[in-house]
Amino acid sequence: MKLLVTGGAGYVGSVNAAHLVEAGHEVVVLDDLSTGHADAVPEGARFVQGELSEAAGPLLAEGFDGVLHFAAKSLVGESVAKPELYWNGNVVATFRLLEAIREHGTPRLVFSSTAACYGEPEEVPIREDAPTRPTNPYGAGKLAIDTMITSYANAHGLAAVSLRYFNVAGAHGRFGERHAVETHLIPIVLQVASGSRESVAMYGDDWPTPDGTCVRDYIHVDDLAEAHQLALQKAEPSTHAIYNLGSGTGYSVQQVVEACRAITGHAIPAAVAPRRAGDPAVLIASAERAADQLGWKPSRSLQDMVGDAWRFTRERAQA
């Protein structure tokens, strides 16, 4: 298939683009490099640097079998401070992408959605039919996009799938996580191990969990990429399917820190900090729908995620 990968120079987008190239697809990566890296575009993919709103239409006019849409702003705190960037950069830009898809008859769309659509859950594991009550503009914008996609599938026959990720980690070969502003736990802990950060903060040690630290669901980026390929294959015309992607179990902050200590061989100082407002004690996905309908199950462990991320971190430092 000929596929357009938006945001394919970013972390999750580049790994997915690499998997698609390896699977034999013709891949075109569109990225404005505002947060991505040109050297993260995999060999064998064609790279187009440009704004999503302006470049997607002319590209799709070439004729594509599908779009995998990763391009987005994704900092929750920034979305609260500057919501206009998120409504315009994520929601308005995706509306224009959907219009280009409709105009040029592109048949398939796989969208990078988020667990932030659910907000603070009433029950865990979180199912796809849980109430959607996002607590920040980032999550609200992703939910708005999901609503738009449903309407385009219903009205225009689009075969669409939204994948709501929980916490993505790990690396795929030379493709891994390198953000200018790092907010994800595993790379933050590994920054301590590599000497670029003094310690890691654990926000509260008195949560109602087995070791008192928050529990989150983690998924290896390779497992994630495999889910995208299955979604692409199984998308059905006039249907918008939504799937959670997670392990169904979860790991505590303390468990993550201990795994990083074991794999890196570093002490990794950790300091208990006050709880953050709005942090739920436990966030775990139910991935039963993805297992039943996509035939997808994650196969990689926390140790795999940390090990791959640490290898990537060390290789980047030596480059």
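**Exercise 1. Is the crossing of α8 and α10 right-handed or left-handed?**

Conventions: this is a predicted model, where local features need pLDDT of at least 70, side-chain atom pairs count only at pLDDT 80 or more, and totals for chains, interfaces and linings use all residues. Residues are numbered from 1 along each chain as its sequence is written, and side-chain values use heavy atoms, without hydrogens and water.

Solution. 
- Locate the elements: α8 spans residues 253-264 and α10 spans residues 302-318. Helices (H or I, at least four residues) and strands (E, at least two) are DSSP runs, numbered from the N terminus.
- Take the geometry: the angle is about 55 degrees and the axes are 10 Å apart. Axes are lines fitted to C-alpha atoms, for helices over the stretch in contact; angles run from 0 to 180 degrees between N-to-C directions.
- Classify the angle: α8 and α10 are therefore oblique to each other. Angles under 35 degrees count as roughly parallel, over 145 as roughly antiparallel, 65 to 115 as roughly perpendicular and the rest as oblique.
- Assign the hand: the crossing of α8 and α10 is right-handed. That is, the near helix is turned clockwise from the far one by less than a right angle.
- List the contact (heavy atoms within 4.5 Å): α8 gives Gln255, Val256, Ala259, Cys260, Ile263 and Thr264, while α10 gives Leu302, Gln303, Val306, Gly307 and Trp310.

**Exercise 2. Where is Ile268 found, and is Ile268 buried or exposed?**

Solution. 
- Apply the cut-offs: buried means under 20% relative accessible area, exposed over 50%, partly exposed in between (1.4 Å probe, protein chains only). Ile268 has 2% relative accessibility, so Ile268 counts as buried.
- Find the partners: leaving aside neighbours within four places in sequence, Ile268 contacts Val189, Val192, Ala193, Val200, Val257, Cys260 and Arg261.

**Exercise 3. Which residues have the most contacts inside the largest nonpolar core?**

Solution. 
- Define the set: a nonpolar core joins buried Ala, Val, Leu, Ile, Met, Phe, Trp, Tyr and Cys residues through side-chain atoms within 4.5 Å.
- Read off the answer: the largest core has 38 residues, and Leu163, Tyr165, Val168, Leu245 and Trp296 have the most contacts inside it.
- Trace the suppliers: elements giving at least two residues each include β1, β6 (159-165) and α9 (288-294). The largest share, seven residues, comes from α7.
- Separate the other core: apart from this one lies a core of 26 residues, among them Val28, Leu59, Val91 and Leu98.
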